[in-house]
Amino acid sequence: MVGPKTKPNQALRLTKFQECWKSIQKVLESRGVKSESKVTEPFKTIVDLLVQEEIETEEGTTGVCMEYLLKNNILGELVTLTESDGLIGVRGEVIRLISSMINLLDDRFLVHNAVHAPTLKILNACMNKRDSKECHADDLVDLMYNICSKIHGYPELLHIFFHEKQWLTVPQKSSGGRTQGQNRFFNPDLLRNLVAGDFNSNAGAEEREYEFVFFKHLMGFIHKEGKTGDIARTALLFLMDITNSGLRDFILTGDFCAIIAAGLGAFYSQLPRKLVVDMSTEPTPPAVPSAREAQSNEISSSLEFQTTLESFLKYIDFTQEVLIRCSSGSICNSLLENTKNLFLENILYPSLLECSDVDGSAVAVITYLDILIQSVQNTELNNMIVAYLVNSDLAKLPLVTNQSAKIAADDHSAEVLVPPLLPYNMKDLIFSGLRSTSQPAVIAALKLLKTMLTRHCMYTLNFLDIEFVSQQQEPMARRWCTPVNDHLRVLNRYLSLISLIDPSHEKETSVKGYGQYLLDAGAAMEGHEQYHQDDIAHIQPKNPLAERKAKRHARTMSVRYSDLEVTRSSIDEKPAEVASLFPQCLGTCSLYKHRINSTDPMMHILIGLLSGFFGQSCELNLAVTGVLIAVVSCPSRDLEGWVSSKVESPSPHNSRGSSINPSEQKESKSETPSLIYDDESSDEEIDPSIQEEINQTRLYEDPAFFAVLEELSNQIVRCKRDFPQFDQRFQSRREELLDFSEKPTTKALRSSKENEMNLSANRKSFEEIIDNAIILNEVIKEIVSIIQVRRSLGVDEIWYV
């Protein structure tokens, strides 16, 4: 019977370790050809023996193999033996050996002088020689990454590599009681104090000079593309997590922030100056570019462009992570300032000045700018970029002026910093794109405008001709509220357009997808309000709204339309509680309430683009409608005259018309109007005399959006007369798109050119008209859902008689 296998004892393990080391020495001393292939296996065996020994050894004790490694300074001898240029291949194996040991062994392995001294020596030797640096770049970065990872887990290790220059010049007395291989500079208690920053606590101390060669080596790789650059940047982020006062001073006095900011410019400059957006999804193929244009214009779908763009986005993420992880406000401010000076002013802004929609450079710049704003999630960095490029005097807006006056009354030292106006800004860029004769430039400008309207709505107030109509100080009885009949009239008119396009809509008990539109509309308005507060906090840093930034997820705007069913069922039982929810939401939204004037140039451009709906590609129509939906989704924007009806003669029951009778005014103050839409309400519940007076004194005018949408719906009706199979194909195509959870784009269009027809003097395929009709149908549903959610949340108040 064979007994169980016994573990090799320490003597056998040490013997095997010694044999491996002797074989390595023999190979290196012989300096034979392909020596690296002969040491690979012994190196692997040494690492395996050390790892196995550490697993079986009790914590706090050192195994015999580890003692042999430290006592005989094996790593130091390996580094010395591979200094010759003839053993450059073996040097790479040594780097990988040290990296594997640091990665697999205990965090305190680096504490020993016999470990970190040769590690630094081989790092310095390779980094100071260009050939070695390029040859071993990947291995060097992996080694530094493993060191940073260990420092992140055991912060006391930082000061083995980071220390004062003066400390190295002070003679150190050796301790007779220290063990062989122990770092004579290492004192755990001292390192804990250093990490805590206690060494900098003396007031009036002289400015210290620090040495961190390892950090400088790592900075040399953060601009690399591919895996090497990713690993180097990740390693640097490990150090950002443990930034103490000493490391902070070292970074601030160095060029760390300038190098990172310069990297943004370097990666941005690698993007092609001219870009051709891949329009292959359109039924009509684009014109074939000339040989010269083909060489200078990059195709957006090409692998080379996607790789370059990915590198740029990765570096943006790295810059954001530095701002997020670094606990030093001084470093973050320095990085933001350097980003503005080196990237925005010297790289990005000049590209805006030089771009043109004739050669495709405008499409490239607008596309990159849109991607940049969407990719930067850090609030400080994003707002800094947008504020510089918008470059409008936001301090003159009423919402900022009022706050500034209040702050100045309390703090005379408070100032509102206004940036110098630039000759050309983002507004000019967007307007130029919208007026362009190039469809790719128009689409790119629309996408950027949508991003700005969604993420930086307050900054776009200077894009529009607006009038502030704040009702925050008005009592409820004097606020302008839309009568419920007007609200129902608007909804019914929009719903009638849906029935014109899709007759099956009336037969369905619940419109497919409409519930999701309601949820999306509520989420969009909540997100708008969050972005509003972020923008205002940046425009006016001392604004009281900034103090509420930490309470972003506890706003009254979080009331969802889906919750209204529960609210409706309990309204009779708890009317006071329900009424208290909506005035809070109303006050938040009406703080910056504004109305777009009828003469606004941008809205007229958008309405004009919408009017040519069936003469345009689906991609352009999606971009136009996306912008219009973003406009109406803002809870601070009054939609009167654009989406909701404009009343020429005011009602006698509000402050815009004749005075309210004292008895009626008293009654209106004592009873809070319900803001919940009741499906069972009818005209019989309203006093007939009041209803007749309202109808006689009110003149209705169709909203601008509705007038255009009605005309487009009538075009579809006329199209159905010529194509009897229209409704059938409409339903099948809509089901096809919804089944794949895709929006109706031209990506799924068939190549067939049959059934072409003439509509609005433009020849379009039957399939594209179907897709455009589906887009129009879904857009109207979005508008209806937004109107309902705005009323339900109290964003637009309804007067229930």
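Me: Where does Asn 73 sit?
Reply: Asn 73 is in the loop between helix H3 (64–71) and helix H4 (74–81). Keep in mind that this is a predicted model.

Me: What is the phi of Asn 73?
Reply: Phi is near 50° there, a positive value in a residue other than glycine. Most residues other than glycine have a negative phi.

Me: Is Asn 73 buried, partly exposed or exposed?
Reply: Asn 73 is partly exposed, as its relative accessible area is 35%.

Me: Another asparagine, then. Which helix holds Asn 338?
Reply: Helix H18, which covers residues 329–354.

Me: And is Asn 338 buried or exposed?
Reply: Buried. Its relative accessible area is 18%, and the cut-off for buried is under 20%.

Me: What does Asn 338 touch?
Reply: Leaving out residues up to four places away in sequence, Asn 338 touches Cys 257, Ala 258, Ala 261 and Phe 343.

Me: Staying around H18, what covers the buried residues of H14?
Reply: H18 is part of that cover, which also includes helix H9 (158–161), strand S2 (210–211), helix H12 (213–219), helix H13 (226–240) and helix H15 (256–269).

Me: Which residues of H14 are buried?
Reply: In H14, residues 245–253, the buried ones include Ser 245, Gly 246, Leu 247, Phe 250 and Ile 251.

Me: Change of topic: helix packing. At what angle do H25 and H34 pack?
Reply: About 55°, with the axes 8 Å apart; H25 is residues 514–539 and H34 is residues 766–792. The two helices are therefore oblique to each other. The crossing of H25 past H34 is right-handed.

Me: Which residues make that contact?
Reply: From H25, Tyr 514, Tyr 517, Leu 518, Ala 521, Gly 522 and Met 525. From H34, Glu 778, Lys 781, Glu 782, Val 784, Ser 785, Ile 786, Gln 788, Val 789 and Arg 790.

Me: How do they split by class?
Reply: The contact of H25 with H34 has eight nonpolar, three polar and four charged residues.

Me: And how does H20 pack with H25?
Reply: H20 (residues 379–390) packs with H25 at an angle of about 70°, and their axes are 10 Å apart. H20 is therefore roughly perpendicular to H25.

Me: Which residues are in contact there?
Reply: H20 brings Thr 379, Asn 383, Met 384 and Ala 387, while H25 brings Asp 534, Asp 535 and His 538. By class, the contact of H20 with H25 has two nonpolar, three polar and two charged residues.

Me: Now the sheet with S5. What is its strand order?
Reply: S5-S7-S8, an open sheet of three strands with mixed pairing.

Me: Which strands stand at the edges?
Reply: S5 (466–468) and S8 (637–638). Each has a single partner strand, so one side of each is left without a neighbour in the sheet.

Me: How many bridges join S5 to S7?
Reply: Three, and S5 and S7 (residues 594–596) run antiparallel. Glu 467 stands opposite Arg 595 in S7.

Me: Last one, Val 717. Where is it found?
Reply: Val 717 is in helix H32, residues 704–722. Val 717 counts as partly exposed, at 22% relative accessibility.

Me: How far apart are Val 717 and Asp 502?
Reply: In sequence, Val 717 and Asp 502 are 215 residues apart; in space, they are 9.9 Å apart, C-alpha to C-alpha.

Technical notes
Residues are numbered from 1 along each chain as its sequence is written. This is a predicted model: local features need pLDDT of at least 70, side-chain atom pairs count only at pLDDT 80 or more; totals for chains, interfaces and linings use all residues. Side-chain values use heavy atoms; hydrogens and water are left out. Axes are lines fitted to C-alpha atoms, for helices over the stretch in contact, and angles run from 0 to 180 degrees between N-to-C directions. Helices (H or I, at least four residues) and strands (E, at least two) are DSSP runs, numbered from the N terminus. Angles under 35 degrees count as roughly parallel, over 145 as roughly antiparallel, 65 to 115 as roughly perpendicular and the rest as oblique. A crossing is left-handed if the near helix is turned anticlockwise from the far one by less than a right angle, and right-handed if clockwise. Contact means heavy atoms within 4.5 Å. Ala, Val, Leu, Ile, Met, Phe, Trp, Tyr, Cys and Pro count as nonpolar, Asp, Glu, Lys and Arg as charged, and the others, Gly among them, as polar. Buried means under 20% relative accessible area, exposed over 50%, partly exposed in between (1.4 Å probe, protein chains only). Two strands pair if DSSP finds at least two bridges between them.
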